[in-house]
Amino acid sequence: EATAAAAAAAAAAAATAEDGNSLLSAAVSAADATPQPQPQPQPQPVVQAVVVDDVLSPDALATVRRLLMESTLWFETKSPMMGGYLGAYGHDGLHAPQLLALADEIALSMPEVFGHGAHRLRFLWAYKYDCQYEGIAVHADRAAVNVNIWVTPDEANLDPESGGLVVYATKAVSRDQLSGFANDGGNGLEKTSYMKGDHNITVPHKANRMVLFDSSLYHRSDKLRFKQGYTNRRINLTLLYGVPQ
């Protein structure tokens, strides 16, 4: 796989939380990169994603990490066949004011990406992974903008070059494709020519890293190698905005 972090521009002034302090760090003020050129003679699909490190302020990171670590709202369990993780959802209790304020700030900090308010928050969830399983297989989510934030400390990750997210250049185009949450375990999808080699990017896991991309692009968890123990489990916070374009 080609590993790249393609990024787009990002940022107007961030909104502030109720106490007047921004939940986002100064890192959200800009994020620019150019996708690496493809070596093939014919034009190839290019995956574009925004990758912002240190996205949350230290206090906000500590708050979000504590909420997701200590929360008793992990009501969904996925079997090893489906990736082996716990799920908590906004419609089922995961709607702390701090998380909703964060969702608003992210959208306000990147007005062009979020359609100047047109792409509103639709779904919010968090997943907590068992390190002995593989995470979520290839799928696409029914939204316009997909935001993932990783909060597990870096020392829990045994392989700093992995543990993150693989995003493909292929888009789900039908309602059935968008609603199918890795129903075939990703086996059929990964056999297609556009989901191999240079037609994807791999973003390694890093604490307090945000990855933002078109939610209709197929994506999956990268391989996981985290330490044993509950406090070392990989946790991602996912926010989906708008409807598929």
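Q: How many residues does α1 have, and how far does α1 reach from its first C-alpha to its last?
A: In this predicted model, helix α1 has 13 residues and reaches 18 Å between its first and last C-alpha, close to the 18 Å expected at 1.5 Å a residue.

Q: Which residues of α1 are buried?
A: Ala 60, Leu 61, Thr 63, Val 64, Leu 68 and Met 69 are the buried residues of α1.

Q: And what covers them?
A: The cover over the buried residues of α1 includes α2, β4 (121–129) and β10 (235–241).

Q: Turning to α2, at what angle do the axes of α1 and α2 cross?
A: The axes of α1 (residues 58–70) and α2 (residues 97–109) cross at roughly 130 degrees and come within 10 Å. That angle makes α1 oblique to α2.

Q: Is that crossing left-handed or right-handed?
A: The crossing of α1 and α2 is left-handed.

Q: Which residues meet there?
A: From α1, Thr 63, Val 64 and Leu 67 meet Gln 98, Leu 99 and Leu 102 of α2. The residues of this contact divide into 4 nonpolar, 2 polar and no charged.

Q: Now the whole chain: how many helices and strands are there?
A: The chain has 3 helices and 10 strands. From the N terminus, the elements run β-α-β-β-α-β-β-β-α-β-β-β-β.

Q: What percentage of the residues count as buried?
A: Of the 245 residues in the chain, 50% count as buried.

Q: And what about contacts across the sequence?
A: Among contacts between residues at least 6 apart in sequence, 86% join residues at least 24 apart.

Technical notes. Residues are numbered from 1 along each chain as its sequence is written. This is a predicted model: local features need pLDDT of at least 70, side-chain atom pairs count only at pLDDT 80 or more; totals for chains, interfaces and linings use all residues. Side-chain values use heavy atoms; hydrogens and water are left out. Axes are lines fitted to C-alpha atoms, for helices over the stretch in contact, and angles run from 0 to 180 degrees between N-to-C directions. Helices (H or I, at least four residues) and strands (E, at least two) are DSSP runs, numbered from the N terminus. Angles under 35 degrees count as roughly parallel, over 145 as roughly antiparallel, 65 to 115 as roughly perpendicular and the rest as oblique. A crossing is left-handed if the near helix is turned anticlockwise from the far one by less than a right angle, and right-handed if clockwise. Contact means heavy atoms within 4.5 Å. Ala, Val, Leu, Ile, Met, Phe, Trp, Tyr, Cys and Pro count as nonpolar, Asp, Glu, Lys and Arg as charged, and the others, Gly among them, as polar. The expected span of a helix is 1.5 Å times one less than its number of residues. Buried means under 20% relative accessible area, exposed over 50%, partly exposed in between (1.4 Å probe, protein chains only).
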